[in-house]
Amino acid sequence: MNARERYEEFYRNAMDNKEAFWREQAQLIDWETPVSQVLDYSNPPFAYWYPGATLNLCYNTLDRHLEQRGDQNALIWVSTEVNKTVAFTYRQLYEWVNQAAAVFRQMGVQKGDRILIYMPMIPQAVVAMLACVRIGAIHSVVFGGFAAHALASRIDDATPKLIVTADAGIRGGKIVPYKPLLDASFKQITIPKPNVLIVHRDLVPQSPLGVGEWDWDQEIALNARAHIPPVAVDSRHPSYILYTSGTTGTPKGVQRDTGGHAVAMRASMKHIYDLRPGEVMFTGSDIGWVVGHSYIVYAPLLTGATTILYEGLPIRPDPGIWWSLVEKFKVTIMFTSPTAIRLLKKNGPEWIQDHDLSSLRYLFLAGEPLDRETHRWISSTINGQVIDNYWQTETGWPILTNHAGLGLMATKFGSPAVPAYGFDCHLVDERTGKPVKDNEKGSLMIKPPLPPGCMTTVWGNDQRFLDTYFSRFETLMYATFDYAMRDEEGYYFIMGRDDDVINVAGHRLGTREIEEILCTHPQVSEAAAVGVTDAVKGQEIVAFVVVSRDGAPPEGKELKDLISREIGAIARPKEIYRVAGLPKTRSGKLLRRSIQAMAEGRDPGDLPTIDDVAVLDHIKKAIEATHD
Ligand code: AMP
């Protein structure tokens, strides 16, 4: 059997014998109450995997490896920001997690309570996540690059009992505030201020603790000998919430279960990523994103592997840094984003090729489109297999991928290959919902039930889950919000989002969130944010604002600073144009695509429904004036 045939057989088996397939995968995990039924799908599209079975996620990542791997490294923290490398064995990580779990308990956190984690890339962040699931609490990690408003909306929605943070982080040698941003968010929240546990780093002087604030090191020290038994929870008990952006201004809390999540993570290591117990995985991402949750923390630790947690930039102190880690720690599987590779490409292949990369079996790239040129360049530079995989916060693991664990099929540059086992992918016409032909663009839909590991609902809002993802057509289908095309050999090509989501360097941002913040400025009456193509980051944000006549008009910098302060520097627009009006249909709908076309220097196209053609001319002039 060749790789293609092996894949076909594996995929068909997963789809045709769903129960038996996922029953077998469940054996990769230790259960407290064993699996009897595999799937309860009595309330479509809500899938309840492994009903009645119980388990603990932390037990599966740590306790069960202790006997065989107690002295093996579980986590290696490398910080090129503070020049430190610290390794923690499974036993050391286990001890630390127990201490943190005891602290959380003391602070009143119980099963089902939420803990919000707003941290830089330090080991305490991983310890906090694992301690949280140890006691059956639910974590919500907020990316450290988010600022006050973004943080406040997540605090309000998750209503955490406790927030774990650090006083400061550091990026590119510059100190970045964490606790001060959290304090700023407290001014905007509508719930009572939760308790705060603060990791002090020697980057800034230690501030005195306020009311309801606690020091991580002190509390851990008080619990040095604590052992907290893992709490077995029902398979569908939420393990975590991770917020992500969509069309509306309010981010959605993607809720993940425990049983399906554990099985999906462990199985993906086996069949897709081909990471074996005892090996080393390096995922260059951030724990605040889904790639970090899945492939820095859960999947490698569930597998009994060693994971590298990296704090710093991929090009500092020099563009060879990541590859020196591959050499030093004998990394077998590496995972990062296309943007990181494009950044390295600018610096030349020698930085990579100067290192012994013989341990590296595969480099996986995801989070945004991987252009053919970059795919080709990195494949020849590392002289190895580079695997594009396509997925989303919502799914938690690949929808489309080449399966390294089954043996690789031929690579087609520009394509993340074929559907992963469990995903019933369909390409349909966006208006009629009818299937499109080979080589025709369609909306990528997934026929439910979604496989284990995918979101089970929107936190606290089942209706929003249905309305957002399953309401496009009469038949129940999950919308990915991506366009795609499939060739005659069954390979898929992703062709961009069909909604208002912008993807900057693999970071997913909603245009509405940015526009709403711009409109909080007293002089801004209307705003539109769009993504424009960027050679390195994939997309960049540009915004258009209509300012009211009274008062001094705001400077571009002032508005950019407003975005950095409220959402975070990742959402800072590259350019802000002042315009007389925004193009809209007669019914008042923003013609976002025509604005985007003009921002990219393209023709806005024929717009028969436009309300006022003159605004287009004005927008064009505003763009030209800036670039003259
Ligand atoms: P996120 O939820 O932040 O992971 O963003 C998911 C979105 O990123 C997807 O819906 C796609 O638009 C895009 N994306 C992720 N991986 C890929 C990929 N390999 N190729 C093309 N687009 C991707």
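**Setting up.** I am working with a predicted model, where local features need pLDDT of at least 70, side-chain atom pairs count only at pLDDT 80 or more, and totals for chains, interfaces and linings use all residues. Residues are numbered from 1 along each chain as its sequence is written, and side-chain values use heavy atoms, with hydrogens and water left out.

**Entry 1, Q25.** I found Q25 in helix α2, residues 18-26 (helices are DSSP runs of H or I, at least four residues, and strands are runs of E, at least two, numbered from the N terminus). Is Q25 buried or exposed? Q25 counts as buried because its relative accessibility is 4% (buried is under 20% relative accessible area, exposed over 50%, partly exposed in between, with a 1.4 Å probe and protein chains only). Beyond neighbours within four places in sequence, I see Q25 in contact with V263, A267 and H271 (contact means heavy atoms within 4.5 Å).

I looked up the polar contacts next (pairs of N or O atoms within 3.5 Å). The side chain of D388 places an N or O atom 2.8 Å from a ligand nitrogen, and the side chain of R497 has one 2.8 Å from a ligand oxygen. The protein covers 95% of the 500 Å² of accessible area that the ligand has on its own (Shrake-Rupley method, 1.4 Å probe).

In α15, residues 372-382, I noted several buried residues, including W377 and I378. The buried residues of this helix pack against α12, α13, α14, β19 and β20. After α15 comes N383, with a positive phi near 50 degrees.

Note on methods
A polar contact is a pair of N or O atoms within 3.5 Å; within protein, one must be able to donate a hydrogen and the other to accept it, and residues adjacent in sequence count only if both atoms are side-chain atoms.
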